[in-house]
Amino acid sequence: MSLKYVQIETTSTCNQRCFFCPVSIEKKAKVQLSTERLDQIIDGLKQYPIENIAISGFTEPTHDKDLVGKVAALRVAGFKVSIFTNGSGLKPELTDQLLMLGVSGFTLNLSTLNEDEYRETRGTQDLRRVIPNIDYLIAQTPVQDKSVEITIAVIGRLDGQHAKNLREIDSKYADAGVVNILIIPMVEFAGKSPAVLR
Ligand SMILES: C[S@@+](CC[C@H](N)C(=O)[O-])C[C@H]1O[C@@H](n2cnc3c(N)ncnc32)[C@H](O)[C@@H]1O
Ligand code: SF4
């Protein structure tokens, strides 16, 4: 067995406080992965048949001001790169730069289209920025372009509320053609659920 899939956390912080995520209850110091450390990681990974490097972790990749530089370094080294994001910081200029660098996967963590539920479950009003950012990404990715995979990860408790959110998100993006909808069962390892979900 060999190492094929790698996840890199390039920054330690996140702008959201999703009640289901440890980030909401565990305050971490702000630390950025340095260029030198990333170069060491790249050197170390070259000996393995790596199939994909996911930029994710319990953090928000777009919170890293040098995300583009880090993705560029990974792409120059020949790695396939995908990004997990809540979408709030995935502004059109950043999307353009990441697509230009050949990022081949975007997984958007979007669990509801309801503004109140979004605010109560994540502690932010970012939904109004997230939707246009996702729409822009989709618009840049023609159906025939199989080189970029867009996935919307819909987290929930596999209950009626989760099913409702899945239906709404699925019907919003059904016509986009390029979007996969992923059902994510929530692992209960953080915080208390907000009233809206009880
Ligand atoms: C931890 S987040 C980090 C990247 C980015 N901040 C985001 O939200 O996509 C990566 C993925 O983990 C999932 N996740 C977070 N908390 C989870 C939980 N309690 N159970 C299952 N998946 C979880 C999210 O849905 C997201 O798709
Ligand atoms: S799931 Fe992602 S967006 Fe939500 S708090 Fe955790 S790291 Fe941040």
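Ligand 2 sits in the largest pocket of this predicted model. The residues that surround ligand 2 are C14, Q16, C18, F20, C21, V23, T59, N86 and N109. By type, this shell is made up of five nonpolar residues and four polar ones, with no charged residue.

A second topic is the packing of two helices. Two packed helices are described by the angle between their axes and by the distance between those axes. Helix α3 covers residues 92-100 and helix α5 covers residues 127-139; they pack at an angle of about 35°, and their axes are 10 Å apart. The crossing of α3 past α5 is right-handed. On the α3 side, the contact is formed by P92, T95, D96 and L99, which meet N133, Y136 and L137 of α5. Four residues of this contact are nonpolar, two are polar and one is charged.

The two residue groups can be set side by side by type.

| Group | Nonpolar | Polar | Charged |
|---|---|---|---|
| Contact of α3 with α5 | four residues | two residues | one residue |

Strand β6, which runs over residues 179-185, contains I183. How far apart are I183 and G156 in sequence and in space? In sequence they are separated by 27 residues, while in space their C-alpha atoms are 7.9 Å apart. Leaving out residues up to four places away in sequence, I183 touches V154, L158, H162 and L166.

Key: Residues are numbered from 1 along each chain as its sequence is written. Chains are lettered from A and ligands numbered from 1 in the order in which they are written. This is a predicted model: local features need pLDDT of at least 70, side-chain atom pairs count only at pLDDT 80 or more; totals for chains, interfaces and linings use all residues. Side-chain values use heavy atoms; hydrogens and water are left out. A residue is near a molecule or strand if one of its heavy atoms lies within 4 Å of it. On a 1 Å grid over the protein atoms alone, a cavity is a set of points where a 1.4 Å probe fits but cannot get out, and a pocket is an open set with protein on both sides within 12 Å along at least five of seven lines; lining residues have an atom within 4 Å of a point. A molecule sits in a cavity or pocket if more than half of its atoms lie within 2 Å of its grid points. Ala, Val, Leu, Ile, Met, Phe, Trp, Tyr, Cys and Pro count as nonpolar, Asp, Glu, Lys and Arg as charged, and the others, Gly among them, as polar. Axes are lines fitted to C-alpha atoms, for helices over the stretch in contact, and angles run from 0 to 180 degrees between N-to-C directions. Helices (H or I, at least four residues) and strands (E, at least two) are DSSP runs, numbered from the N terminus. A crossing is left-handed if the near helix is turned anticlockwise from the far one by less than a right angle, and right-handed if clockwise. Contact means heavy atoms within 4.5 Å.
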